[in-house]
Amino acid sequence: MNQSDIGKFIARCRKEQKLTQAQLAEKLNITDRAVSKWETGKCMPDSSIMLQLCEILGITVNELLSGEELKMEKDYEEYEKKADENLLELKRRDENHINRNAVISIIFSCTLLIGAAVCVICDLAITKRLTWSLIPISSVLLAWVVLFPVIMFGKKGIVGSCISLSLFIFPYLYVLGSLLHVRAVFSTGGIMAAISVLYLWLSVGLFKKFAGRKLVASGMTFLLAVPFLFIINGALSVLISEPMFDGWDVLTVFLLLIAAFPFFVCDYVRRKVST
C-alpha cells in the first residue's frame with residue numbers, strides 16, 4: 001500500500017462526489033484535519049471507518065487500499081491478488097500498532113512497579129514494616145488501572161479509562177482515608193470525585209457527539225466547567241462551610257470563558273474557509 005497514492009485517490013473520489021474535506025469529515029464524524037492528512041499521505045483512514053468512507057466515495061475497500069480503480073471483470077486474478085496483498089498489509093499494520101502499544105504499556109507498568117517497589121523497600125528499611133508506603137502504592141495502582149487502557153488502545157481506550165476511574169476512585173479514597181485516619185478524605189473527597197466524574201463523562205460525551213468538530217467540543221468543555229464550578233462550591237459550602245463564591249472564583253470563570261472563546265472562533269473560521 002502506498003499512502004501517497006491512496007491519499008490522491010481519496011482526494012479525487014471526494015471531488016468527484018462534489019464534497020469538500022469538511023463535508024466528508026462531517027459525514028464520517030471526524031475532523032477535516034484527519035481528511036487532509038489522508039489526502040496528503042501522512043496517515044491512513046482507520047479501519048473502523050473504511051467501509052463507511054468507501055460507501056460515501058462509491059468505491060470498494062480493495063480500491064481504496066490499492067489507490068486506484070480496479071475492474072474485476074477484466075482481470076479477476078489480478079483483482080484477487082490485489083485484495084490479498086491489501087488485506088495482508090492492513091493486518092500487518094494493525095499488528096505493528098498493537099505490538100508498539102504493548103511495548104509502551106509494559107514499560108509503563110514496569111516503571112510504576114519499580115516505583116512502588118522502591119517505596120516498599122525504603123519503608124521496610126526505615127520502619128521495619130509497611131506504613132507510609134501503602135499510600136503511594138495505592139496511588140500507583142489507581143494510576144495503572146486508569147491509564148493502562150489509553151496507553152494500550154489509544155483513543156479507543158478513553159472510555160475504558162473513564163470506566164476504570166469511575167469504578168476505582170471511590171475505593172481509592174476510602175483506602176486513602178483509612179491509611180491517613182481522616183474521614184473527610186472519603187466523605188468530602190467522595191462527593192468531589194462524584195461531581196468530577198460526572199463532568200468527565202459529560203466531556204467525553206461532547207467529544208463523541210462533536211467528533212467531527214473537536215474545536216467546538218473543546219470550547220463547550222470549558223463552558224461546561226463553569227456550572228460545575230458552582231456545583232463544587234455549593235457542595236464545599238455545605239460540607240466544610242467554605243464561602244460560596246469569592247474573587248478567585250470570579251477570576252476562574254473569566255479565564256474559562258476566555259479559554260473557550262478561541263475554540264469557537266477557530267471552528268467558525270475553519271468551516272468558513274472549507275466552504
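Biologist: Which residues of helix 4 are buried?
Modeller: In helix 4 (residues 50-57), M50, L53, C54, I56 and L57 are buried. Buried means under 20% relative accessible area, exposed over 50% and partly exposed in between, with a 1.4 Å probe and protein chains only. Helices are DSSP runs of H or I, at least four residues, numbered from the N terminus. This is a predicted model, where local features need pLDDT of at least 70, side-chain atom pairs count only at pLDDT 80 or more, and totals for chains, interfaces and linings use all residues. Residues are numbered from 1 along each chain as its sequence is written, and side-chain values use heavy atoms, with hydrogens and water left out.

Biologist: Why do they line one face of the helix?
Modeller: Seen down the axis of helix 4, the buried residues fall within an arc of 160°, so they line one face. The arc is taken from the directions from the helix axis to the C-beta atoms.

Biologist: What is exposed on the other side of helix 4?
Modeller: L51 and E55 are exposed there. Just after helix 4, G58 has a positive phi of about 70°.

Biologist: Switching to S105: buried or exposed?
Modeller: S105 is buried, at 2% relative accessible area. S105 lies in helix 6 (residues 76-127).

Biologist: What is S105 in contact with, leaving aside neighbours within four places in sequence?
Modeller: F148, I151 and M152, with contact meaning heavy atoms within 4.5 Å. S105 and F148 are 43 residues apart in sequence, with their C-alpha atoms 6.7 Å apart.

How values were computed
Helices (H or I, at least four residues) and strands (E, at least two) are DSSP runs, numbered from the N terminus.
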